[in-house]
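Biologist: Could you pick one spot in this model and take a close look at it for me? I'd like to hear what surrounds it and how that ties in with the rest.

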Amino acid sequence: MLVRQFEVTVVDGKDRGTRVVSAGDELSIGSSDGNDLRLTDNGVSRHHCALRAVERGLELVDLGSRNGTFVGNLEVTSCFVRTGAQIRIGQTTVSVQILDHDLEQPLASADRLGSILGGSPEMRRLYPIIEQCGQSNATVLIVGETGTGKELIAEAIHEASERRDKPFVVVDCSALSHDLAESELFGHERGSFTGAETVRTGAFESARGGTVFLDEIGELPIDLQQLLLRVLEARTVRRIGSNQQRAVDVRVISASHRDLRREVNQKRFRADLFYRLNVLRIPVPPLRERTGDIELLAGHFWRMFRNDTPPEGLLRHLASHHWPGNVRELRNAVERAALLGWKPDQPRTTTMPVLSTYQEAKERAVWEWERRWVEQLLAANGHNLSRAARAAKMGRTNLRELARKHGISTRPSTTDIEETAD
């Protein structure tokens, strides 16, 4: 798989003359260590923005910065830029040049790895990365939308490691009770608090020698983030009600549907913990960016519930859907069709009511309503983010994140941005 290489050069500001060439499909810009282009400008956020080489071109994405990202005179949350585009962040201006050189990324020949199924280039490029991560004990951060299969990737890393014969312990941080979260992770002694009638072994001790998978790590309360950081640094845990530090030999893999760089900028996630978790990073593409896998996945799910061949019309119908719920939503839709039947003349609608559970239909309805509301709000306020935020009585950063979530730009049109960038 070939990825177009590009370079970013600081043309104005304190770091003028600094130049960085992309080493992969993403180049991050910010003031903190760990960014590909680190700037000393005080007006630049820790993780300010990123440039991503995707199939359509070079995508610029603001990472929830405090001062915004500008192309020309327009503030953007996400847009595509051409070679020669100048991007202003803080008091710094950088220029982008798309190079006449492609980076070759290895693709696996198989269309699956363990329990992961996908023959698209976007998935086959992940398989070698997963296997390489398995050979290391470094922490791994898996990022991607809900329902993209992050837990399957964590399991595949564990199975590819020397720890495969040891426990794989999953902790869903989004489901942890705040009062009991510390006990779930680190354990407690009998009598250490009301209701602690027995000794409890926490997830880290239970996984000794194996892997702890911290799913939705971005939901972990801020006070527990400090405790987790201490465990990762010292490799010891202390149960609630005990003064004894117990050594733990575990490999930590975490996942989040949130971009933790945005959470760090908003002070909802500790920067030091982020750096500790983000040693190896695996971005998982949403299903809408790997549409070539829909029929493959649908056929696989169908055979889980029936012994016959799925209707061709059903596969075409599924392939035309946007899938905001990703692979998990697709599986539920196929299961419902397999159990309740599929009518070839079923209307083609984006809501797919016959295939949906109540929860899926509700999530899609909220998604569509939210997207239309943001579009209408921005249009009514001349696509001015600050004016729209004031009208909605919400923070500008929150509105920017909503627009980014739905791929909505705060500018009038892509053409205007590209012409300004040129």
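Modeller: Cys173 is buried, with a relative accessible area of 3% (buried is under 20%, exposed over 50%, partly exposed in between, using a 1.4 Å probe and protein chains only). Bear in mind that this is a predicted model, where local features need pLDDT of at least 70 and side-chain atom pairs count only at pLDDT 80 or more, while totals for chains, interfaces and linings use all residues. Numbering starts from 1 along each chain as its sequence is written, and side-chain values rest on heavy atoms, with hydrogens and water left out.

A disulfide would need the two sulfur atoms within 2.5 Å, and the count comes to zero. Cys133 counts as buried too, at 5% relative accessibility.

Ile217 is among the residues with the most contacts inside the largest nonpolar core, which has 32 residues. Such a core is a set of buried Ala, Val, Leu, Ile, Met, Phe, Trp, Tyr and Cys residues joined through side-chain atoms within 4.5 Å. Elements giving two or more residues to this core include S14, S15, S16 and helix H8 (271-277); helix H6 gives the most, with five. Helices here are DSSP runs of H or I, at least four residues, and strands runs of E, at least two, numbered from the N terminus. Apart from this core lies another of 24 residues, among them Ala53 and Leu58.

Now for the sheet. The five strands are parallel in an open sheet, ordered S15-S16-S19-S14-S20, with pairing meaning at least two DSSP bridges. Strands S15 (168-172) and S20 (280-283) stand at the edges with a single partner each, so one side of each has no neighbour in the sheet. From one strand to the next, the twist averages 20°.

Technical notes
Axes are lines fitted to C-alpha atoms, for helices over the stretch in contact, and angles run from 0 to 180 degrees between N-to-C directions.
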